[in-house]
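Please open the structure in your viewer and keep the selection panel at hand. The stops below follow one another, and each begins with something to select.

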Amino acid sequence: MPIPEDVTGDEIDKDVRQELLSLPKTLAEDVAKNLVMVAKLLDEEPERAYGYSRVALRLASRVAAVREAAGFAAYAVGKYSEALAEFRAARRMTGSVELWPVMADCERGLGRPEKAMAMAGEPEVQKLDRAGQVEMRLVAAGARRDMGQADAAVVTLQSPELASSAVHPWTARLRYAYADALLEVGREDDARDWFAKALEADQGGTTDASDRLAALDGVEFTDALDDSETDEAETGESGTGPAEGDEAGEDTAQGEAGAAQG
């Protein structure tokens, strides 16, 4: 796959660059460039990111960072079995537990929420940092909902991190997941409060909390003048109205953990 001329490979994290030192120089540069493309495209163009990840994997499958990147790219396009295999490989290579929540979320994606719940109770969870433990809580709550245990999902998300007024990178997603769980059990007023709290913390626009709030308040947004209205104004003929649809924000760890969110 073509690499833009302005991508040098030097953009990668220093720890990844260190891992690539085990490769011949030219090969390391090629792998680095493909990893840069994965990182650049993962959120907006996951299919293209997946393509670059496969190139990197063909070039350097014995590098843990490459297996991890391939896992996240597969995860982003819903290839959960493939993602899980790559995450497991990366974990074997590094011994790290940081991928544990997203591995559990892959189990959810594969229709095995019971396995995800079992992973939430494993000793590895205690080795996670605070952010990792929040991700694991999000995955576990999502698994509860998968199994039809909506009330248990609400309880799962209740934690010191949820109660804290401090804002961390995961705060908006945690509050959003809690609001969504509350809504599922019919606690609409409480859900509205927590969607509002999620919006307050959502500095990067990672959730659609504003849309959810608007929906709860009965507010509908329409384009001031869409193409069909323009045609109608010009010709006097009625056009076909736009399709209606609404996407709720997902619970994890795309980032995070993806399916993990909910």
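A residue counts as buried when its relative accessible area is under 20%, and as exposed when that area is over 50%. Keep this cut-off in mind for the first stops, and bear in mind throughout that the model is a predicted one.

Begin by selecting T171, which is found in helix α11, residues 171–184. Is T171 buried or exposed? Its relative accessibility is 1%, and T171 therefore counts as buried. If you display its surroundings and leave aside residues up to four places away in sequence, you will find that T171 touches A166 and A201.

Next, select helix α9, which covers residues 150–157, and colour A150, A153, V154, T156 and L157, which are buried. Turn the view until you look down the axis of α9: the buried residues fall within an arc of 160°, so they line one face of the helix. An α-helix has 3.6 residues a turn, so residues three or four places apart point the same way. On the face of α9 turned away from the buried side, select D151 and V155, which are exposed.

With a relative accessibility of 39%, Q158 counts as partly exposed. Among residues beyond four places away in sequence, Q158 touches R137 and Y178. If you draw a C-alpha to C-alpha distance from Q158 to L174, the model gives 9.6 Å, for two residues that are 16 apart in sequence.

The remaining stops are pairs of helices. Two packed helices are described by the angle between their axes and the distance between the axes.

To inspect the contact, show W100, P101, A104, D105 and R108 in α6 together with G132, E135, M136, V139, G142, A143 and D146 in α8. These residues divide into six nonpolar, two polar and four charged.

Now select helix α2 (residues 25–41) and helix α4 (residues 64–76), which pack at an angle of about 30° with their axes 11 Å apart. Helices α2 and α4 are therefore roughly parallel to each other, and their crossing is left-handed. Which residues make the contact between α2 and α4? Show V31, L35 and V38 of α2 with V66, A69 and A73 of α4; by class, this contact has six nonpolar residues, with no polar and no charged ones.

For the last stop, select helix α12 (residues 188–201) and helix α13 (residues 209–216), whose packing angle is about 150° and whose axes are 9 Å apart. That angle makes α12 roughly antiparallel to α13, and the crossing of the two is left-handed. On the α12 side, the contact is made by E188, R192, F195, A196, A198 and L199, and on the α13 side by A209, S210, R212, L213 and L216. Coloured by class, the contact of α12 with α13 shows seven nonpolar, one polar and three charged residues.

Definitions and conventions:
Residues numbered from 1 in each chain as written. Predicted model: local features only at pLDDT ≥ 70, side-chain atom pairs only at ≥ 80, totals over all residues. Heavy atoms only, no water. Axes fitted to C-alpha atoms, helices over the stretch in contact; angles between N-to-C directions. Helix = DSSP H or I, 4+ residues; strand = E, 2+ residues; numbered from the N terminus. Parallel < 35°, antiparallel > 145°, perpendicular 65-115°, else oblique. Left-handed = near helix turned anticlockwise from the far one by under 90°. Contact = heavy atoms within 4.5 Å. Nonpolar A, V, L, I, M, F, W, Y, C, P; charged D, E, K, R; others polar. Buried < 20%, exposed > 50% of the residue type's maximum accessible area, 1.4 Å probe, protein only. Arc of directions from axis to C-beta.
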